[in-house]
Every structure is written in structure tokens, then in C-alpha cells.
Amino acid sequence: MNQISNLTKLTLLLLAVTTMMSNVAIITVIPHLKDIFKVDNIELYSRLIVTLPSCTIAFLAPFLGHFVYKVGKKSSAVFALILFSLTGTAGFYLQSIEQILVSRAVFGISVAILMIVSTSLVGDYFKGDQRHKFMGMQMAFTSLGGVLFVAGGGMLSDVSWHYPFLIYSIGIILLPFVLKFVNEIPIKDQALEEETADNRVFFIYILAFILMVIFYILPTKMPFLIMNHFNASGTLAGGIISLAFVFNGLGALTFAKLKKKLAFSTIYIIGLFVIGVGFTIIGIINNVYYFFLTSPLMGFGGGLLMTCVTSWMLTLVKPEKRVKSSGYLTSSIFMGQFFSPILTMPLVSIFGVQKFFEIFGWFILIILIIIVIKRRF
């Protein structure tokens, strides 16, 4: 395989950044909407603006994987970037909440395609340790983007609720990079890896789903705990969440080093253990500033796990099935996000938010201890 240029690597990193922008860039807009749109069910509509792209991705990603396979990765990326900017920036010029909701649903299609293309291209361009290293860089780059987009979106929303939507115009900026620096590698030129075993990849989809059910408890529950139970300011809450993004990137970068010595399954267990410890501590703390201790734990564990499941999937599938498998993995991840609040809300209603974190943390740790004991004997 030819040497990959730095500009191609940069393009792949930037493509990955677009895949995590579906929600974070406009998260600060949501509180303003109830004052802008005087319509019934505005609270529901406000939440749907955030969740609709995720729903679209969860249910359509497998089909879009087949679309990318037929059309080609580069052509699909070009189409998706144009759609990304057109529908992503729609909130800047649309005046109806219903129209914005429709645009957000269609926007999810572009994000799903970009995720599939981004993941499969890394599988095409890199192999073995180089792939593990680049996956860590990609996740770290994405985490840094998360910090910048949350901060930038917050500043723009203070000027006007319309302005954060303009962040999605980055799709058009990336278009010439994809056209110039991304080239598809024919399947016949891609070496088959020793670990390839398609029949085991469904297990990875399940692990990805479980991971997101657990990890997505944080953005759906922790802000309410920090701000309502501990009476923290929005600025303090934002600082705590931003710290998680930073350590998410560090966790991703650590993956490549661990993979040189440990199996994927062992790394997955380590990542879940870190998150389990974080959950347990959140459940027993009595001072809001202790969240600056738990936030790095949760971010680090999440970065380690996301990089692990993606690299694991790419290692297991044959080159000709990489695009479709990336579609199924994308669906598993967002399906986990979609079902996370649905599956956990009954327990939160029974125990309360903070006690739920403690109980769930101990549950994760006990399950992991049982798994480790069974593996050793």
C-alpha cells in the first residue's frame, strides 16, 4: 500500500469530527426555544431537535451501509457533506419549529453516511497497529472538536439562537479536501487480516449497543444531577462536561498502547471497569466539585471503549464487507443512545438520579468481576 499523505490523514480526521456534531453544536440552543416558539409541546419539540438525527441514524444506518457500498465511499461522502451543510444550517434560515424538525431528521441521514464512510476508510487505509494508533488519534481529534463546538455554539447562541446552526457549514469547507485527498482502495488491493471472522462481528454490535446504553446515561442524567441536585451553574456544568471530552481523547490515544499487549476483550473490560468506578463515585459524592474527579474517569473509559469496539469490528470483517458492517455498527451505537433513557428511566424513577448511579456502578463492577473469574477458571 502506498504511503498515506498527511493531508489525507487530516481529511479523515476532519470527516470523523463531522460525525459527532449531530447534537453538540446546537445543544446550547435548546433552552432558548421555549421563549422563541410559542407553540404547544415546545418542550418535546426542543428535545426532538437533539434526538431526531440519532433516531434516523439508528434505524437507517444498515440500509445506508448498502447505499454506500453500491455508490462508492468517495461519492457518498461528497453527497453526505452537501446534505450535511444544507440540512444542518437549516435552523439558521427556517422560522418554523416543524420545518426545523424535518431538517434535523434528514440531517441524520448525512451523519450516518459520513460515519460509515469515515469508519470504513480507516479500515481501508490502515492495518494492525497503525490502524489502532490512527483510531485513537481520530477519537482524540473528535473529542477536541466536541470541546470547541460546545464552546463555540454556546457563544453564538448568546448572540442569536440561529447562529449555532451555521457551524454545520463546515461540510462545504471539507468538500474540496475529500475531492482532492480521498481515494478509494480497490478491494483486491486490501490484504486479508489474520483475525478475520465475520461470524463473530455480531457480538461486537451487541457490545457497542451495551456500551452506548451505559455511556449515554451521562449526557441524559448527569447534567440534571449537577444542576438540579447540586445547584451548579451552567458554566460549572459546562466545565465538568468539557473535561470529560478532553479525557475521552486521552482514553482513545491510550487504546493503541494497550492493544500492543492486550486483547480487545480485555481492553473492553478495563474500559467498563473505569466507567463502573466512575458511576459508583458519582453515586456517593456530596460536593459538586468531586465531579471534576469523576468526569475524567467517565471520559477516559468512554474514549477507550469506543475506539476498542470500532477497531475490533474492522479487524473481524473482510474488506468487501467493511462498508456494510460499518453501517450495522453505526446503527448499534445510535440504537444504544436511543434506548438508553428508555431502559434506565424506570430505575431512576424508583431510586432517584444519584442513587441510580451508585447502584448501576456496583452492578457493572459485580458483572465484570464475575466475567473475570470465569475467564480465569
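A salt bridge is taken here as a side-chain nitrogen of Lys or Arg lying within 4 Å of a carboxyl oxygen of Asp or Glu, and by this rule the count comes to three salt bridges. The structure is a predicted model, in which local features need pLDDT of at least 70 and side-chain atom pairs count only at pLDDT 80 or more, whereas totals for chains, interfaces and linings use all residues. Residues are numbered from 1 along each chain as its sequence is written, and side-chain values use heavy atoms, with hydrogens and water left out.

**View 1. Aspartate 124 and lysine 73 form a salt bridge.** The closest N and O atoms of this pair are 2.2 Å apart. The pair links distant parts of the chain, with aspartate 124 in helix α7 (residues 97–125) and lysine 73 in helix α5 (residues 73–88), 51 residues apart. Helices (H or I, at least four residues) are DSSP runs, numbered from the N terminus. Aspartate 124 counts as buried at 2% relative accessibility, and lysine 73 also counts as buried, at 8%; buried means under 20% relative accessible area, exposed over 50%, and partly exposed in between, with a 1.4 Å probe and protein chains only.

**View 2. Aspartate 124 also meets arginine 322 in a salt bridge.** The N to O distance between these side chains is 2.8 Å. Here too the pair links distant parts of the chain, since aspartate 124 belongs to helix α7 and arginine 322 to helix α15 (residues 322–351), 198 residues apart. Arginine 322 counts as buried, at 2% relative accessibility.

View 3. Lysine 355 counts as partly exposed at 40% relative accessibility, whereas glutamate 358 is buried, with a relative accessible area of 17%.

**View 4. Lys73, Asp124 and Arg322 belong to one network.** What joins Lys73, Asp124 and Arg322 is a set of salt bridges that share partners.

**View 5. Isoleucine 241 is shown together with phenylalanine 291.** Isoleucine 241 is found in helix α12 (residues 234–259), and at 34% relative accessibility isoleucine 241 counts as partly exposed. From C-alpha to C-alpha, isoleucine 241 and phenylalanine 291 are 9.3 Å apart in space, while in sequence they are 50 residues apart.

How values were computed: Helices (H or I, at least four residues) and strands (E, at least two) are DSSP runs, numbered from the N terminus.
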